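Subject: Structure handover

Hello,

Please find the structure below, for you to keep open while you read. My notes on what was found in it follow.

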Amino acid sequence: MINYNNEGDNTGKEVQSLLTKNENKEENGIDNTFNENDINVKKKERKRTFWKYFTAILLFICYMVSYCCVFTIGTASPLIEKDLNMKDSEFGLILILSRSIRIVPKLLSGAIVDIIGGKIMFVFGELFTAAFTIVFGFGSSIWYFTLMWSGNNIASCFTWPSLVKIISKWFDKSQTGRIMGFMSLSFLFGDGLARLYLSAFVAAKLNWRQIFWVAGGTLLFFNILSMFLLKEPKSLGLEEALYEEEEKKKTKEQEINDMSINQMSIEEETIYSNNLKERIKRLSKGIIQWTKAFPRKLFDLFWPIFKNPSFWVLCLEYIGITLIRYAINDWSALYYSQQARASASLAAFGSVLFPIAGGVGALIIGWIVDRVTPLKRDFVMIVFNVIIMMTLFLVYLFNALVDMRKESSHGTTSSYIIIPMILFSILGATVSANYSLPAGCLAIKFGGKNQAATLAALFDTASTAGSVLSGVVGSAFLDRTRQGWSTMFLVLLGVSAAITLISILFLFIEMREFTNKYEKKNKETTVSK
């Protein structure tokens, strides 16, 4: 981390150096008036460097902590069922209804964030996620639990798009791959760390109500920190990130739309004005203006995305890659236990390797996409999909050999676990690499500052469909067929082949658009000559 506290000393030395150089030039008869802008530029650059990395780290921590509230119900479910004599079917009803009700809010969350603002919605999302988690601990009926957990799910929909929106204002396109690869670690590791954190309180003999209060209180503490410490460039008098030539060459209609969106935004410096009356007045005016123009602005945000074929192709690929990710992540521990005859502790350790390798893959793909052209980036995605397909084929072969060994009455030993561990780790790195791109890096690169959150939320909605399908695939084959695991891996292999073809199609669409832009540019150059 950059040491911002030493800025004054360094700046003082730079000022003294510039003054000395200026005095020397004046002595030599050179008229060169000291330019204070040079000092101000350097100070602003130092200030911007500190705040953008500080903001990224703060967002990373706050979003990772939010998983305490997302997975509280899963950690405390045995205690709830035992204390209230609930059935599994009743508890399942709470999860099904609360997760189903979040689909529409998740679809609209990105557009709302793009219109209102990143910091406001991030604070709002985490505040209400914490509040609903705390209030959940006061209930005792199924419908009360369903209502509170639905509120938790809806509020949490706004956090990731808000994070993407804030990052898009601090980091330009040349840095989005690396920074979003880093931010992806927050959800890749957040799940496991949250469960580990909460399980410590379960081990300490806290009841389920206290566990919900601890989870909500933890997030509330970090939410208060983000409320005061989280900043956007304009609130600090700094410029937002630039987004290359496509934003400099907008059509007049696009400029008008973007201007109206920005005018509708309830800007951070407006809300946090020093004058309370002025703050309330401007906030009320902004809310009224936003309410009147909201339907039109939703159309302006969604329509350019929906009419782009690349978006739909990428969504299909994202659904498939999410299906594979959740299937391996959810069922790997059970696979180690049943097929490799591993102990419960060894199976749990093996299941952790998948998200750890996923974090490595997310960092690698982020580093790559910042250093290659868009077409090469698409080719890298194809290569990763091919590796996924080949690895799943090896997993299928290995599982077939295990089934044959079982049928021949030779049995299996835990020594076999090393093979699926290696294969699942490879899958973790490659699957998570392609999984982390659309809802993070590509959302910023394609959407820019004005549509980054909208795209992130749309891709996140597509991932929800993939996660649901993964549960269907697992439950459909594991219990109902004799060779359930082989059947499931065969289905996943077919999905990986499909997303490989889809990624190739995406490359061809991008190549065609690139060719059309190149030809159009040549025509304009010819006409101007």
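Of the 529 residues in the chain, 48% are buried, where buried means under 20% relative accessible area, exposed means over 50%, and partly exposed is in between (1.4 Å probe, protein chains only). This is a predicted model, in which local features need pLDDT of at least 70, side-chain atom pairs count only at pLDDT 80 or more, and totals for chains, interfaces and linings use all residues. Residues are numbered from 1 along each chain as its sequence is written, and side-chain values use heavy atoms, with hydrogens and water left out.

The chain has 19 helices and zero strands; both are DSSP runs numbered from the N terminus, with helices (H or I) of at least four residues and strands (E) of at least two. A contact means heavy atoms within 4.5 Å. Among the contacts in the chain with a separation of 6 or more, 85% are between residues 24 or more positions apart.

Helix H8

Helix H8 covers residues 159–170. Its 12 residues reach 17 Å from the first C-alpha to the last, close to the 16 Å expected at 1.5 Å a residue; the expected span is 1.5 Å times one less than the number of residues. How much of H8 is buried? The count is 12 of the 12 residues, so H8 is largely enclosed by the rest of the structure. The buried residues of H8 include Lys165 and Lys169, along with Trp160 and Trp170.

Serine 186 and helix H9

Serine 186 is in helix H9 and is buried, with a relative accessible area of 0%. Leaving out residues up to four places away in sequence, serine 186 touches Phe60, Tyr63, Met64, Tyr67 and Trp160. Trp160 is also one of the buried residues of H8. Serine 186 and cysteine 62 are 124 residues apart in sequence, yet 8.9 Å apart in space, C-alpha to C-alpha. A polar atom of the serine 186 side chain lies 2.5 Å from the backbone oxygen of methionine 183. For reference, a polar contact is a pair of N or O atoms within 3.5 Å; within protein, one must be able to donate a hydrogen and the other to accept it, and residues adjacent in sequence count only if both atoms are side-chain atoms.

Threonine 72 is found in helix H3, residues 72–84. Is threonine 72 buried or exposed? Threonine 72 is buried, at 0% relative accessible area. The residues that threonine 72 touches, not counting those up to four places away in sequence, are Thr133, Trp149, Leu198, Ile211, Phe212 and Ala215. The side chain of threonine 72 has a polar atom 2.2 Å from the backbone oxygen of cysteine 68.

Helix H10 takes in residues 208–229. At 1.5 Å a residue its 22 residues should span 32 Å, and its end C-alpha atoms are 32 Å apart, which agrees. Its buried residues include Trp208, Ile211, Phe212, Ala215 and Leu219. Seen down the axis of H10, the buried residues fall within an arc of 150 degrees, so they line one face of the helix; the arc is that of the directions from the helix axis to the C-beta atoms. The face turned away from this buried side carries the exposed residues Phe221 and Phe228. At the start of H10, a side-chain oxygen of asparagine 207 comes within 3.1 Å of the backbone nitrogen of arginine 209.

Aromatic rings

Rings of Phe, Tyr and Trp (its six-membered ring) pair if their centres lie within 6.5 Å; planes under 30 degrees apart count as stacked, over 60 as edge-to-face and the rest as tilted. By this rule there are 34 aromatic pairs. One of them is the edge-to-face pair of tyrosine 144 and phenylalanine 145, 6.3 Å centre to centre with 65 degrees between the planes. Tyrosine 144 is partly exposed at 24% relative accessibility, whereas phenylalanine 145 is buried at 1%. Phe136, Tyr144, Phe145, Trp149, Trp208 and Phe212 form one aromatic cluster.

Regards
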